[in-house]
Amino acid sequence: MSKFSKVNAYVSAVGHWMPRRVVTNHHFASYLDTTDEWIKTRTGISERRFLEDDQPTSYAAVKAIEATLENRGISAEELDLIIVATVTPDMIYPSTACIIQEKIGAKNCWGYDILAACSGFIFSLATAAQFIESGMHKKVLVVGAEKMSAIVNMQDRNTCVLFGDGAAAFLLEPTEDKSMGVMDSILHIDGKGGKFLFQPAGGSLNPTTHATVDKGMQFVHQEGQAVFKEAVKGMADISVELMEKNNLKSGDVAFLVPHQANLRIIQACADRMKVGMDKVMVNIQKYGNTTSATIPSCVSEYWQEGKIKKGDNLILTSFGAGFTWGSILLKWGI
Ligand code: UT7
């Protein structure tokens with residue numbers, strides 16, 4: 001990314017893992033005032049996956065990391081750093097990175113969590129690339145992992161139908177080929193958006209008490225329409241800015257990889273960017289919004305299906321709570 005670094009950070013392996021338990025729209029229609037038709041037409045979601053009660057976020061993360069390491073043919077001991085993007089850590093602390101490190105036996109690495117909601121993976125990937133470009137590390141693992149089913153109110157039709165659980169990872173390594181890998185990024189936060197999407201209790205502002213639990217303050221709260229409009233504008237405008245900065249026309253982009261919160265947001269974003277939907281990665285119909293796992297799971301699935309070619313330009317873009325948003329230009333290198 002930096003003109004001054006000797007190497008670029010390229011994605012040398014990807015992997016994803018989704019829970020076995022499939023929860024269809026009909027499940028929610030069986031006990032809430034909603035329908036399969038409403039959910040499909042308003043969000044594009046048909047089903048999502050939920051982890052079991054005894055499976056925390058780290059369970060999904062470990063499976064996705066194991067798949068990634070297997071695809072690269074290396075052991076966890078070779079990792080230098082693990083960065084975990086999540087809003088659903090196993091516990092507030094220790095970090096989920098520490099929990100994962102022990103579970104996979106990554107004896108020679110350090111790590112930490114990044115909390116940037118739906119932009120967690122984009123922010124983590126941009127951060128990870130810096131450790132490679134600086135020469136400090138050779139193998140950095142970035143994983144987006146979530147158990148959203150643990151923090152949504154299953155009685156609130158406004159939110160419970162939207163989210164899902166899952167995990168996906170990228171392994172980053174150095175390359176001397178400066179025309180490959182993480183090429184550029186534009187990242188933003190704006191705290192004014194905080195009031196539209198947040199989890200009110202469980203932190204130091206509103207520590208968990210009987211009263212906070214009685215009021216359901218431990219759950220996701222969202223003003224959907226306010227987030228919707230900002231998400232379309234936020235993702236489309238910085239993606240165009242990133243393309244212009246790098247002299248790319250829409251024809252030069254193999255795939256737009258948008259955060260998967262709502263198919264209508266994805267379509268409106270593609271329209272605003274003048275990119276055809278055939279060039280947009282979509283898996284929301286199967287998994288819903290898996291927060292920090294949406295972007296890497298799309299890339300991993302499309303890669304597994306042989307749809308991404310070496311040299312392809314991918315624009316990864318996200319928008320989420322905070323507000324947080326960002327776009328990364330990634331030139332595919334495997
Ligand atoms: O990933 C983080 C970022 N998050 C996002 O980007 C999400 C952005 N927002 C959205 O995706 C959409 O705003 C939603 C899917 C959350 C909602 O869709 P909408 O088209 O914006 O609906 P709305 O909020 O304007 O609600 C329209 C109606 C309301 O009823 P009234 O007040 O008009 O009677 C809602 O109560 O739809 C109702 N509604 C539902 N009806 C049936 C909301 N949820 C449901 C539901 N089933 N599940």
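Helix 7 (224–245) gives the largest share of the shell around the ligand, namely 4 residues, where helices (H or I, at least four residues) and strands (E, at least two) are DSSP runs numbered from the N terminus. This is a predicted model, in which local features need pLDDT of at least 70 and side-chain atom pairs count only at pLDDT 80 or more, while totals for chains, interfaces and linings use all residues. Residues are numbered from 1 along each chain as its sequence is written, and side-chain values use heavy atoms, with hydrogens and water left out.

**The shell around the ligand**

- The ligand is surrounded by 22 residues, and the closest are T34, R42, Q225, N262 and N289; a residue is near a molecule or strand if one of its heavy atoms lies within 4 Å of it.
- At least two residues of this shell come from each of helix 2 (36–43), helix 7 (224–245) and helix 8 (263–273).
- Sorted by class, the shell holds 9 nonpolar, 9 polar and 4 charged residues, where Ala, Val, Leu, Ile, Met, Phe, Trp, Tyr, Cys and Pro count as nonpolar, Asp, Glu, Lys and Arg as charged, and the others, Gly among them, as polar.
- Because domain 1 (8–178) and domain 2 (182–331) both give residues to the shell, the ligand lies between them; the domain bounds come from an automatic or database domain assignment.

- The side chain of Q222 places a polar atom 2.9 Å from a nitrogen atom of the ligand, and in the side chain of W38 an N or O atom is 3.5 Å from a nitrogen atom of the ligand.
- In G224 a polar backbone atom is 3.0 Å from a nitrogen atom of the ligand.
- The ligand taken alone exposes 950 Å², of which the protein buries 75%, with accessible areas coming from the Shrake-Rupley method with a 1.4 Å probe and, for residues, only the protein chains shown counting as cover.

- Strand 4 (residues 81–85) and strand 6 (residues 140–147) run parallel and are joined by 5 bridges; V84 has V143 in strand 6 as its bridge partner.
- Another open sheet has 4 strands in the order 8-13-12-11, and its pairing is mixed.
- Its edge strands are strand 8 (181–189) and strand 11 (255–258), each pairing on one side only, and its twist averages 15° from one strand to the next.
- Strand 11 is joined by 4 bridges to strand 12 (residues 313–320), with the two running parallel, and the bridge partner of L256 in strand 12 is I315.

**Backbone details in the loops**

- Y93 and P94 are joined by a cis peptide bond with omega of about 5°, and P94 sits in the loop between strand 4 and helix 4 (96–104).
- G322 and F323 are joined by a cis peptide bond with omega of about -5°, and F323 lies in the loop between strand 12 and strand 13 (324–331).
- Although N247 is not a glycine, its phi is positive, at about 55°; N247 is found in the loop between helix 7 and strand 11.

Technical notes:
A polar contact is a pair of N or O atoms within 3.5 Å; within protein, one must be able to donate a hydrogen and the other to accept it, and residues adjacent in sequence count only if both atoms are side-chain atoms. Two strands pair if DSSP finds at least two bridges between them. Axes are lines fitted to C-alpha atoms, for helices over the stretch in contact, and angles run from 0 to 180 degrees between N-to-C directions.
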